[in-house]
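Trainee: I would like a close look at one part of this model, the metal site and what surrounds it. Please take me through it step by step.

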Amino acid sequence: MGKADLHTHTTASDGALHATELLKKIKEKGLKTVAITDHDTIKGYLEGKEMAAELGIELIPGVEMTALWNNREVHLLAYMFDENNEDFLMLLRRQKRARILRMGAIVEYLKSTGIDIDLDEIRAESGHGNVGRPHAAAVLIKKGYVGGVSEAFIRYLSSEKLKDIKTEYASIEEVIKITQLAAGVISLAHPGPIYSRKEIEALLEKGLDGIECIHPSHNFNVQRTFKKLAESKNLLITGGSDYHGTGKSDYDPYLGIVTIGEKYIASLKRLSERRKN
Ligand code: AMP
Ligand code: FE
Ligand code: FE
Ligand code: ZN
């Protein structure tokens, strides 16, 4: 049985590698199946298709969606959706716009603390990809306001610091509904470090299909607990490395190491197939 990684990022969002480069690295690591799950965009997935075919890697449709739940931003991993579904594509366009608007508000907040920064600089940092806080962090580092990404998040970009900023991300209900109507399957991303058990139960009740049990932020005990929870609720198990590219994330060393068995991919596919009929 081959190994799979269902959580990776590219330059289409806040990753360091272009999809083609990421796939070459994935090939070196010996993985058979991968999902490119950029933040609120399938551009990285689309950019990777040709290279994946060339390398004999199975690239499955994926995206990490941001959704609003009780005024909080939660990450949901969508897989196996129909990438031509108009409502799904419209949702992604809305999310892209929400990201830009939110970054505008973040810039205003940073300016109010005395920082000299503008939206264009941050958008330039994001290149052709969806803008996100790591791009703002990169500009703060370049301009010498902070020494590194962690410091940027602690001092300026944490959810706590930005709690008064209203965002236009779609609600969790909408994200789940639109994804499932597009024959997609949707899993709660990296719940371990973020939510209490009660919150996880409440999130799952929104109609999620699975739990990302395997993630670098989950130790073996946490993995086992989530696997048991998923099994007890008849939910799918997903997992991956959350690789963002060298030097950008604490999770970077786990590409090729934090993986899941291919049998889990078959379950995702079965559920998606059922939704097509
Ligand atoms: P955004 O997409 O704008 O909400 O930014 C979220 C992204 O920022 C996550 O996907 C991570 O890649 C990154 N991130 C979040 N918190 C931290 C942190 N404390 N240190 C470094 N990167 C972080
Ligand atoms: Fe990220
Ligand atoms: Fe995430
Ligand atoms: Zn991620």
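Are Asp-14 and His-244 buried or exposed?

Mentor: Both Asp-14 and His-244 are buried. Buried means under 20% relative accessible area, exposed means over 50%, and partly exposed lies in between, with a 1.4 Å probe and protein chains only. First, the ground rules. This is a predicted model, where local features need pLDDT of at least 70 and side-chain atom pairs count only at pLDDT 80 or more, while totals for chains, interfaces and linings use all residues. Residues are numbered from 1 along each chain as its sequence is written, chains are lettered from A and ligands numbered from 1 in the order in which they are written, and side-chain values use heavy atoms, without hydrogens or water.

Start with the iron ion (ligand 2). Its protein donors are Asp-14 through OD, His-39 through NE2 and His-244 through NE2, at 2.1 to 2.2 Å. A donor is an N, O or S atom within 2.8 Å of the metal (3.2 Å for Na, K and Ca); water is not among the atoms, so a site may look incomplete. Along the chain the spacing reads D-x24-H-x204-H. The pair Asp-14 and His-244 links distant parts of the chain, 230 residues apart. Asp-14 sits in the loop between strand S1 (3-8) and helix H1 (19-28). His-244 sits in the loop between strand S8 (236-239) and strand S9 (260-261). Helices here are DSSP runs of H or I with at least four residues, strands are runs of E with at least two, and both are numbered from the N terminus.

Now the iron ion (ligand 3). It lies 5.6 Å from the iron ion (ligand 2). Its protein donors are Glu-64 (OE), His-75 (ND1) and His-190 (NE2), at 2.0 to 2.3 Å. Their spacing in sequence is E-x10-H-x114-H. Glu-64 belongs to strand S4 (residues 62-69) and His-75 to strand S5 (residues 72-79), so this pair ties together parts 11 residues apart in sequence. Both Glu-64 and His-75 are buried.

Thr-37 touches this region. Its place is the loop between strand S2 (33-36) and helix H2 (43-55). Thr-37 counts as buried because its relative accessibility is 0%. Beyond its neighbours within four places in sequence, Thr-37 is in contact with residues including Leu-6, His-7, Glu-64 and Leu-77. Contact means heavy atoms within 4.5 Å.

S4 and S5 run antiparallel and are joined by 8 bridges. Two strands pair if DSSP finds at least two bridges between them. Glu-64 has Leu-77 in S5 as its bridge partner. The hairpin of S4 and S5 has 2 residues between the strands, and Asn-70 takes a positive phi near 50° there. S5 is largely enclosed by the rest of the structure, because 6 of its 8 residues are buried. S5 also meets strand S6 (residues 185-188), antiparallel, through 4 bridges. In S6, Ile-186 is the bridge partner of Ala-78, and Val-185 is the partner of Tyr-79.

Step back to the whole sheet. It is open, with 5 strands in the order S4-S5-S6-S7-S8 and mixed pairing. S4 and S8 are the edge strands, each pairing on one side only. The twist averages 40° from one strand to the next. H8 packs on this sheet. H8 touches S4, S5, S6 and strand S7 (210-214), and its direction makes about 110° with that of S4. Axes are lines fitted to C-alpha atoms, for helices over the stretch in contact, and angles run from 0 to 180 degrees between N-to-C directions.

H8 has a helix partner too. Helix H8 (residues 197-204) and helix H9 (residues 220-232) pack at about 35°, with axes 13 Å apart. Arg-197, Ile-200, Glu-201 and Leu-204 of H8 meet Thr-225, Phe-226 and Leu-229 of H9. These contact residues divide into 4 nonpolar, 1 polar and 2 charged. Nonpolar covers Ala, Val, Leu, Ile, Met, Phe, Trp, Tyr, Cys and Pro; charged covers Asp, Glu, Lys and Arg; the others, Gly among them, are polar.

Helix H5 (residues 133-142) is mostly covered, with 7 of its 10 residues buried. Among them are His-135, Val-139 and Leu-140. Their cover includes S5, helix H3 (86-112), helix H4 (119-125) and helix H6 (149-157). Gly-144 follows H5 with a positive phi near 80°.
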